[in-house]
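Biologist: Please take a close look at one part of this model, the open sheet and the charged side chains on and around it. I would like a connected account that I can follow with the structure on the screen.

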Amino acid sequence: MAELRLVIAGSGGRMGRTLLRAIHEVPGFTLAGAVDREGAAEIGADTGVLAGLSPSGLKVTSDALPLVAQADAIIDFTTPASTVALAALAAQARIVHVIGTTGMSAADQTKLEAAARHAAIVKSGNMSLGVNLLAALVKRAAASLGPEFDIEVLEMHHNRKVDAPSGTALLLGNAAAEGRAISLGEHSVRSRDGHTGARKMGDIGFATLRGGTVVGDHTVIFAGPSERIELSHKAEDRMIFARGALAAAKWGKGKKPGIYSMADVLGLS
């Protein structure tokens, strides 16, 4: 079977460099190109050097169009604006678009849905097997435990993360809401400050911590009368997200256009 040809977006960032290394380490994939934003310091850099490997001879460019035209999939952990633009290119080329970008707005989501009429999009707030298994467990626990069990989502990330709550925290919050058959948008509490009054039954709370170099820690707490259940995942290396993204690209090849999740990729839907 021919190797899957991948374009890596945001190749100069933490996840981009990890993905470049993952393609080198995981059989069945080849790097078709690497892109970054116009003006980025990494433009023109060798992809092998960025990955901490021997020089590859392949340089980072800001022009994604010719690369996408020759690829099977693009993997994208960038920014909402970049992701929307790349989704349009993926739709034109009819290739798989794997999205790990977080912090996207409702308007961004609408544009992705338009692109998904022509391309298979795999989008997730977290690409790891462990987190998506955790989400399935959270959904089941939320459905099994009564409303007297309050749900809180606690997350911590490194001090350079720009969005909060994390995409993973929202993924877990949505799993809890689905288990309770409620809308997360109508029941989420993102901040508490001052005299807030008593906690409302049915709310799903979020707490955000930032500091150091933490890759990603997430805990979902079910706090009931006289007992508490905590379901946790701790990421120790970004490579777990990179391997998941490669698996998503492979799974998406040949799929009908639409928006899929990692739960679909892992058979957890």
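**The open sheet and its charged pairs**

Modeller: In this predicted model, Arg228 and Glu230 join their side chains in a salt bridge, with 2.9 Å from N to O. Arg228 is exposed, at 58% relative accessible area, while Glu230 is partly exposed at 45%. A network of salt bridges with shared partners takes in Asp150, Glu152, Arg192 and Arg199.

Glu152 and Arg199 form a salt bridge whose closest N and O atoms are 2.7 Å apart. The two residues are 47 positions apart and come from distant parts of the chain, Glu152 from strand S7 and Arg199 from the loop between S8 and S9. Glu152 has 19% relative accessibility, so it counts as buried, the cut-off being under 20%. Arg199 is partly exposed, with a relative accessible area of 30%.

Another bridge connects two strands. Asp217 and Lys234 meet through their side chains at 3.8 Å, N to O. This pair also links distant parts of the chain, with Asp217 in strand S10 and Lys234 in strand S11, 17 residues apart. Asp217 is partly exposed at 22% relative accessible area, and Lys234 counts as exposed at 55%. The total for the model is 13 salt bridges. Side chains of opposite charge can pair when their charged atoms come close.

Now the sheet itself. Its 5 strands are ordered S8-S9-S7-S10-S11, and the pairing is mixed. At the edges are strand S8 (188-189) and S11, each of which pairs on one side only. S7 and strand S10 (residues 216-224) run antiparallel and are joined by 7 bridges. Here Met156 stands opposite Asp217 in S10, and Asp217 is the residue that bridges to Lys234.

H7 lies across S7, strand S9 (204-210) and S10, at about 165° to S9.

The loops that leave this region have some details to check. Between strand S7 (150-157) and helix H7 (167-180) is the loop that holds Pro165. The peptide bond from Ala164 to Pro165 is cis, with omega near -10°. Ala181 has a positive phi of about 60° although it is not a glycine, and it is exposed at 72% relative accessible area. Most residues other than glycine have a negative phi, and most peptide bonds are trans.

At the other end of the sheet order, the loop between strand S11 (227-235) and helix H9 (239-252) contains Arg238. Arg238 is buried yet makes no salt bridge, and the nearest side chain of opposite charge, Asp237, is 6.8 Å away. That distance rules out a salt bridge because one requires a side-chain nitrogen within 4 Å of a carboxyl oxygen. Leaving aside residues up to four places away in sequence, Arg238 touches Arg14, Met15, Thr18, His158 and Val215.

Conventions
Residues are numbered from 1 along each chain as its sequence is written. This is a predicted model: local features need pLDDT of at least 70, side-chain atom pairs count only at pLDDT 80 or more; totals for chains, interfaces and linings use all residues. Side-chain values use heavy atoms; hydrogens and water are left out. Helices (H or I, at least four residues) and strands (E, at least two) are DSSP runs, numbered from the N terminus. Buried means under 20% relative accessible area, exposed over 50%, partly exposed in between (1.4 Å probe, protein chains only). Lys and Arg count as positive and Asp and Glu as negative; His and the chain ends are not counted. Contact means heavy atoms within 4.5 Å. Two strands pair if DSSP finds at least two bridges between them. Axes are lines fitted to C-alpha atoms, for helices over the stretch in contact, and angles run from 0 to 180 degrees between N-to-C directions.
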